[in-house]
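Here are some comments for a colleague who is about to look through the model.

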Amino acid sequence: MSLNILAVDDSRTMRDMIRMALTPAGFTVHLADDGVHGLEVLGGLEPDVIITDINMPRMDGFGFIDAVRDQDSHRATPILVLTTESSPELKMRARNAGATGWIVKPFDPVKLVKALQMVAG
């Protein structure tokens, strides 16, 4: 199952880890370094799943999710939040904004691949 993934994270290390976890699984990975850049990259993409961090400069994950959900073409695109945050309040806020799921860093590459296949399925 080849999936098109957009991953938005301000950490270069985390972007590299996401790419290294997903590319061997046959996924095509597009990267962006914050919410503003994520929206620019999204403009030319039809991702099967979007992964976003919460704490980023310029536009955080909540703003990014809101902006993605405001676009008709991405209203139903699954969005997974990948973050160090784990508070129930933030999870609820992300869900209310339109996030599909929540994965806490550090992530297990095998579980990430499974989660992506599940939400894209």
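1. Two strands are taken as paired if DSSP finds at least two bridges between them. In this predicted model, strand 4 (residues 79-83) and strand 5 run parallel and are joined by four bridges. Within that pairing, the residue standing opposite I103 of strand 5 is L82.

2. Strand 1 (residues 4-8) is likewise paired in the parallel sense with strand 2 (residues 28-32), here over five bridges. For orientation along the pair, L6 may be located opposite H30 in strand 2.

3. Taken as a whole, the sheet is open and has five strands in the order 2-1-3-4-5, with parallel pairing. Strand 2 and strand 5 (101-104) lie at the edges and have a single partner strand each, so one side of each has no neighbour in the sheet. With direction ignored, neighbouring strands of this sheet are turned against each other by 20 degrees on average.

4. Which strands does helix 5 touch where it packs on the sheet? Helix 5 (residues 109-120) touches strand 1, strand 3 (49-52), strand 4 and strand 5, and its direction makes about 135 degrees with that of strand 3.

5. Turning to the helix pairs, two packed helices are described by the angle between their axes together with the distance between the axes. For helix 2 (residues 35-42) and helix 3 (residues 61-69) the angle is about 25 degrees, and the axes are 9 Å apart. Angles under 35 degrees count as roughly parallel, and helix 2 and helix 3 are therefore roughly parallel to each other. The crossing in which helix 2 passes helix 3 is right-handed.

6. The residues that form this contact are G35, G38, L39 and L42 on the side of helix 2, and F64, A67 and V68 on the side of helix 3. Sorted by class, the contact of helix 2 with helix 3 comprises five nonpolar residues, two polar residues and no charged ones.

7. Helix 3 also packs against helix 4 (residues 88-97), at an angle of about 15 degrees and with the axes 9 Å apart. That angle makes helix 3 roughly parallel to helix 4, and the crossing of helix 3 and helix 4 is right-handed. In this contact F62, I65, D66 and R69 of helix 3 meet L90, R93, A94 and A97 of helix 4. How many nonpolar, polar and charged residues does the contact of helix 3 with helix 4 have? The division is five nonpolar, no polar and three charged.

8. Two details of the backbone deserve a look when the model is opened. The peptide bond leading from K105 to P106 is cis, with omega near -5 degrees, and P106 belongs to the loop between strand 5 and helix 5. R58, a residue other than glycine, has a positive phi, near 65 degrees, and R58 is found in the loop between strand 3 and helix 3.

Methods. Residues numbered from 1 in each chain as written. Predicted model: local features only at pLDDT ≥ 70, side-chain atom pairs only at ≥ 80, totals over all residues. Heavy atoms only, no water. Helix = DSSP H or I, 4+ residues; strand = E, 2+ residues; numbered from the N terminus. Axes fitted to C-alpha atoms, helices over the stretch in contact; angles between N-to-C directions. Parallel < 35°, antiparallel > 145°, perpendicular 65-115°, else oblique. Left-handed = near helix turned anticlockwise from the far one by under 90°. Contact = heavy atoms within 4.5 Å. Nonpolar A, V, L, I, M, F, W, Y, C, P; charged D, E, K, R; others polar.
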